[in-house]
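Student: I have a model open and would like to learn how to read it. Could you walk me through it?

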Amino acid sequence: MRAPLARGRKFGYNVRMKSSAIWLAAAAFAPWAAGAVEVSGASLTATLDEQAKGAVTRLVTAHGAELAPTGVSTPIFRLKLTRADDFTKSVVVTADDAETCALEEGAQNAARFVYGGFKEGVLFVSCTAQGGGTHVRWRISVQTAPGWAVEETEYPRLLVSPVLGSDGGDDRFVFGTAKGGVTHNPGARNVGWRAEAQQPGALVAQFATVYDDRAGFYFAAEDAAGHSKFIGATRAAEGLVVYSRRLGFDEGTVDQAYDLVSGGFEGTVADPCTWHDAADIY
């Protein structure tokens with residue numbers, strides 16, 4: 001791994017039980033503001049849109065490199081829930097399945113979306129994005145319906161353009177697997193293609209990056225305890241979805257015990273981006 005760059009261009013679960021009545025009261029009396037919100041770290045700004053049910057519709061680096069496709073989005077979370085009394089019955093729930101999605105007024109440079117009205121498995125989901133530091137930080141809390149347990153939590157799901165810049169030939173996807181882990185021109189892969197690694201297991205470094213010569217997207221779990229998870233990307237119709245997928249089997253109020261972070265980095269003609277830039281950040 002090369003030394004840090006001098007010119008400064010680079011930038012589990014905690015489970016507790018809480019009654020659904022508390023969640024209902026919080027949703028009823030919280031102040032809401034409709035619309036979209038920008039959350040910024042020093043290296044990246046993310047735009048979250050209430051009309052798209054909290055999906056990220058824009059990712060832009062500190063010096064203006066656009067990393068997300070225009071006019072499309074992907075659900076910000078995806079959950080798999082299983083009946084605690086019948087392991088053969090599972091459901092998959094995404095942000096798009098919520099009947100209600102509200103953007104809560106809160107601290108500066110932060111956003112909190114609360115989702116409700118799910119048909120099965122979930123009572124409420126709360127997703128937060130916090131800026132102010134180098135990165136944008138992501139957390140999620142899920143309130144399961146009685147008798148249901150969260151088995152998989154895929155969040156955040158961040159959509160990156162299938163082609164960065166004008167040509168995908170210099171695009172790369174890299175993640176921290178023990179062997180391999182480099183995909184050339186990932187946007188050229190067929191829809192449904194997926195590359196991921198699990199911790200404990202082949203995921204020896206909890207980060208992923210998509211980049212071309214000019215700019216890159218950084219994604220990582222800041223999880224010193226090493227909770228069970230996957231980090232990876234999948235080729236969707238709209239672009240490349242970078243995500244973390246956390247594993248468990250928990251009922252009640254299920255909170256993420258660590259931050260997922262996203263950031264950006266940039267290159268020049270003389271010193272184009274490489275995966276080492278993301279590894280240096282990690």
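Tutor: We will go through confidence, strands, cores and salt bridges in turn.

Tutor: This is a predicted model, where local features need pLDDT of at least 70, side-chain atom pairs count only at pLDDT 80 or more, and totals for chains, interfaces and linings use all residues. Residues are numbered from 1 along each chain as its sequence is written, and side-chain values use heavy atoms, with hydrogens and water left out.

Student: What is the mean pLDDT of the protein?

Tutor: pLDDT is the predictor's confidence in each residue, from 0 to 100. Here the mean is 88, and 88% of the residues reach 70 or more. Over residues 1-33, however, the pLDDT is below 50.

Student: How do I read strand pairing, and which strands pair with E16?

Tutor: Strands (E, at least two residues) are DSSP runs, numbered from the N terminus, and two of them pair if DSSP finds at least two bridges between them. Strand E15 (residues 203-211) pairs with E16 in the antiparallel sense over five bridges, and these two form a hairpin with three residues between them. Within that pairing, Thr209 has Tyr218 as its bridge partner.

Student: Why is E16 described as largely enclosed?

Tutor: Buried means under 20% relative accessible area, exposed over 50%, and partly exposed in between (1.4 Å probe, protein chains only). Seven of the eight residues of E16 (residues 215-222) are buried, so the rest of the structure largely encloses this strand.

Student: Which residues touch the most other members of the largest nonpolar core?

Tutor: A nonpolar core is a set of buried Ala, Val, Leu, Ile, Met, Phe, Trp, Tyr and Cys residues joined through side-chain atoms within 4.5 Å. In the largest one, of 58 residues, they are Phe77, Tyr115, Val125 and Trp138. Strand E11 (residues 148-160) gives the most to this core, with five residues. Apart from it lies another core of 11 residues, including Phe207 and Phe265.

Student: And salt bridges: how many does the structure hold?

Tutor: A salt bridge is a side-chain nitrogen of Lys or Arg within 4 Å of a carboxyl oxygen of Asp or Glu. The structure holds 14. One joins Glu152 and Arg245 (3.4 Å, N to O), linking E11 to strand E18 (residues 240-250) across 93 residues. Both Glu152 and Arg245 are buried.

Student: Which residues does the network join?

Tutor: Through shared partners, salt bridges connect Glu152, Glu154, Arg157, Arg194, Glu196 and Arg245.

Technical notes
Helix = DSSP H or I, 4+ residues; strand = E, 2+ residues; numbered from the N terminus. Contact = heavy atoms within 4.5 Å.
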